[in-house]
Amino acid sequence: MTKAITVSGLHKSFGRTHALDGLDLDVESGEVHGFLGPNGAGKSTTIRVLLGLLRADSGAAQVLGRDPWADAVELHRRIAYVPGDVTLWRNLSGGEVIDLYGRLRGGLDKRRRAELIERFELDPTKKGRTYSKGNRQKVALVAAFASDVDLLILDEPTSGLDPLMEEVFQRCVAEERERGRTILLSSHILSEVEELCDRVSIIRKGRTVETGSLADLRHLTRTSVTAELAGPPNGLSHLPGVHDLDVQGRRVRLQVDTDKLNDVLKSLSDSGVRSLTSTPPTLEELFLRHYQDETGETGEISEVAAR
Amino acid sequence: MTAATFAVRGTGSRQLAGTGTLLRFALRRDRAMIPIWVGVNALMVLSMPNTLKGLYDTAAQRADLLRQMETNASLRAMTGPVFDDSLGALTAWRAGVYAGALAAVMSLLIVVRHTRDEEESGRQEMISAGMVGRRAPLTAALLTAAVANAVLALLVAGGLAGQGAGGALAFGLGIAGVGMVFATMAAIVAQFTESARLARGLTAGLLGTAFVLRAAGDSATDDGSSVLTWVSPIGWLENLRAFADERWWVLLLFAGAAVVQGAVAYELAGRRDVGMSFLPSRPGPAEGRLATAGALAWRLQRGSVLGWSIGFLLAGVVYGGMTEGAADLVGDNDNAREIFQRMGGQSGLTDAFLAAMVGMLGLVAALYIVASVLRLHGEETSGRAEPVLANSVGRLRWAAGHLFVAFGGSVLLMLLAALGLALGYGKSAGPILAACLVQLPAIWVIGGLAVLLHGVSPRVATAAWGVAGAVLLIGWIGPALDVPQAVLDVSPFGHLPKLPGGEMEWGAVSVLTGVAVVLVGAGLAGLRRRDVISS
């Protein structure tokens, strides 16, 4: 598979702030790639570099095989972008803006435009100032989905959308994927990411801390285990990957790195298992672990980043 | 009465809750802007006695001036009549109109900035969601303007006290009075428009109207007694007759107008929704025809181009109509002639007057070009440029649309000024046209500077306003203040040939055009290299 986006070792500073500190990102052609990270991690900065709006200090970036800075104008013919906070001109109607963006990108599909306006329940005759936040997002979303492009870059595109519209959005993304388009989706809505994304990249403080499919990521996190044993537990505390061990008589509660789960189960069954509950990590736990500040986790993070 | 309607009414004091905090907040935000406006205005006024002393040193010269002002309608139209030959009265005569106008501009900017601007940007919502009364934001804005005008009045009254304490106090209060009349007028206008830009433009248009009414009234009578003068708040300032047996009751006009307008604004503000206006926007087309970045730039700027065009045409007609008479007056006074010659050149006095007026319009056109070029900056900082540039639009193409409106618009304005002057004067259309067009290289240098600042160092792009303001001040009062040539030379307008009447200097014109081209080129080169600012 060819890469739609390849980024390696990207650095970008604004004065003393290091927004990007050696960021890596690979997006395969035709996939929906989730782009995650806490606020201020550098997601929007990365996206602006990919759009040629910012120039990276160092590192390499290629979008659809070209240099996003030098070939920006040609490249943008094949890219549609939706920012997280759409600002409109107060005296232009939504319909005018949709058509303007479409034409500036080299034309848009009239039928699809009409269909999208209907699906998103957007009134295209209202002027920019009178749209609510969600409706402003819809203007940009309709313009993006109605244009014939290879890559969609969506930066928290659904902020302000109601749950019904969120669902319309998810269906649109699924349709775009079926047409073979590539989508880079930055989002904080975990259900949206879980539903839509083939792979995700998690960044923190301007660096990529994790990339992979959700299944891969799950594998890296901890599973909670609660067990009631027939005999006293034995040697659990010495096993690698065991955390928060809590033994009360024959009752055991612990967290274990999911890839070390097998050894723990062996040890438990040596003591005889009466009952066992094992809870896989939720998506929230998965992300929270990556989002949390590096209190005592520094080593762990750099180890993961080095993989 | 239902509980709901009862609850909405509230009590008077709660409507003003939070005013003190908002006032301190506004003064904090304006801590640079207000001192600059007040300081420049006060300096202009306080430097007058010295200058005028040099120009009209002997009693004979002053008597001469008074006699001329009585007989010459055109010069009265520019400055208003003189009521006495004391230095104080001469200062009030020479500086009054401009000090009042500057105070008015300052006040309208302050009020719109803290009312409609806040609502349009959406910031007002968060403020109003706090313990803030419905009328507190407007009150705080008007109080901010009042503080600025009060400081200005104090500085003028204190600084001119040597010329007569009563006159100085009246003059200071009169200038502040003009300020407050336009502050409250802006407060009303801001209730009707949804855009701060439009509120500022409309109020400035009203100020221009007041200016023209006073000019027309003063050219009709020699003692400010025309109805037209009495209709204009700027006319009140002259009819206050500071340093010439002050008519203190005229101050009541300012107070009355400010109170009535303030009350109207209050009533309107209490009746409407936050962020909304009494002129709600109508629906637009469901499908757009805009297809290029250039068309978008024109669409965004066409309203202001239209407003400026009307202003330039009208100003041309008014100044053109004054030209014939102006020459008569100036002809008799060596000093006044000297001023005009410094502003307008050596040749015949009609030509000198025309040249001075054209030069004045050229300076104002420099403000237009800065405003127009900085639309690029506004588009960028508001975040609206980003999605446009994320389309298949190069930065140069994006900038070119706005720059075409800015630089082409300056040509249009000067053509309309020429048309107006020729219509008003009724002859020498050719020389007038040449004089107007020859201003363009200097206007473009200022525009080029704005392009350079925006392209290379967008954080300080608004400094272009400072440059335009400095050039305007140098051109406006520099010649009257006997400023050294070195200072006048800083302004590109100082290097222009004085047309009509003077020699055409192709060298200077070509050099200025070349400088403008280089500035624009360097600015665009910078724009291509730098990061797009994100909001």
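This report describes a predicted model with chains A and B, beginning with chain A and ending with the helices of chain B.

## Basis of the model

Residues are numbered from 1 along each chain as its sequence is written, while chains are lettered from A and ligands numbered from 1 in the order in which they are written. Because the model is predicted, local features need pLDDT of at least 70 and side-chain atom pairs count only at pLDDT 80 or more, whereas totals for chains, interfaces and linings use all residues.

## Chain A as a whole

Chain A holds eleven helices and 13 strands, where helices (H or I, at least four residues) and strands (E, at least two) are DSSP runs numbered from the N terminus. Taken along the principal axes, the C-alpha atoms of chain A fill a box of roughly 75 × 40 × 35 Å.

Of the 307 residues of chain A, 43% count as buried; a residue is buried if 20 or more other C-beta atoms lie within 10 Å of its own, exposed if 12 or fewer, and partly exposed in between, with C-beta atoms placed from the backbone. Among contacts in chain A between residues at least 6 apart in sequence, 71% join residues at least 24 apart, two residues being in contact if their C-beta atoms, placed from the backbone, lie within 7 Å.

## Where chain A meets chain B

The contact between the chains draws 32 residues from chain A and 29 residues from chain B. On the side of chain A that touches chain B, helix 2 (72–76) and helix 3 (94–104) each supply at least two residues, and helix 3 of chain A gives the most, with seven residues. By class, this side of chain A has 13 nonpolar, seven polar and twelve charged residues; here Ala, Val, Leu, Ile, Met, Phe, Trp, Tyr, Cys and Pro count as nonpolar, Asp, Glu, Lys and Arg as charged, and the others, Gly among them, as polar.

Helix 3 of chain A is itself mostly covered, with ten of its eleven residues buried, and the buried residues include A:Glu96, A:Asp99 and A:Tyr101. After helix 3 of chain A comes A:Gly106, whose phi is positive, near 95 degrees.

A:Arg250 is placed in the loop between strand 11 (242–248) and strand 12 (251–257) of chain A, and because 15 other C-beta atoms lie within 10 Å, A:Arg250 is partly exposed. Leaving aside residues up to four places away in sequence, A:Arg250 touches A:Glu228, A:Leu229 and A:Pro232. The C-alpha atoms of A:Arg250 and A:Glu28, which are 222 residues apart along the chain, are separated by 49 Å.

A nonpolar core is a set of buried Ala, Val, Leu, Ile, Met, Phe, Trp, Tyr and Cys residues joined through C-beta atoms within 7 Å. The largest such core has 239 residues, and those with the most contacts inside it are A:Val142, B:Val111 and B:Ala186. A second, separate core of eight residues includes A:Leu229, A:Leu236, A:Val256 and A:Val264.

## Helix 24 of chain B and its partners

Helix 19 (residues 349–373) and helix 24 (residues 440–456) of chain B pack at an angle of about 25 degrees, with their axes 9 Å apart; axes are lines fitted to C-alpha atoms, for helices over the stretch in contact, and angles run from 0 to 180 degrees between N-to-C directions. The two helices are therefore roughly parallel to each other, given that angles under 35 degrees count as roughly parallel, over 145 as roughly antiparallel, 65 to 115 as roughly perpendicular and the rest as oblique. Helix 19 of chain B passes helix 24 of chain B in a right-handed crossing, a crossing being left-handed if the near helix is turned anticlockwise from the far one by less than a right angle, and right-handed if clockwise. The residues of this contact divide into ten nonpolar, three polar and no charged.

Helix 22 (residues 395–425) of chain B packs against helix 24 of chain B at an angle of about 160 degrees, with their axes 11 Å apart, which makes helix 22 of chain B roughly antiparallel to helix 24 of chain B. By contrast, helix 24 of chain B and helix 27 (residues 506–529) of chain B pack at an angle of about 15 degrees with their axes 7 Å apart, and they are therefore roughly parallel to each other. The crossing of helix 24 and helix 27 of chain B is left-handed.
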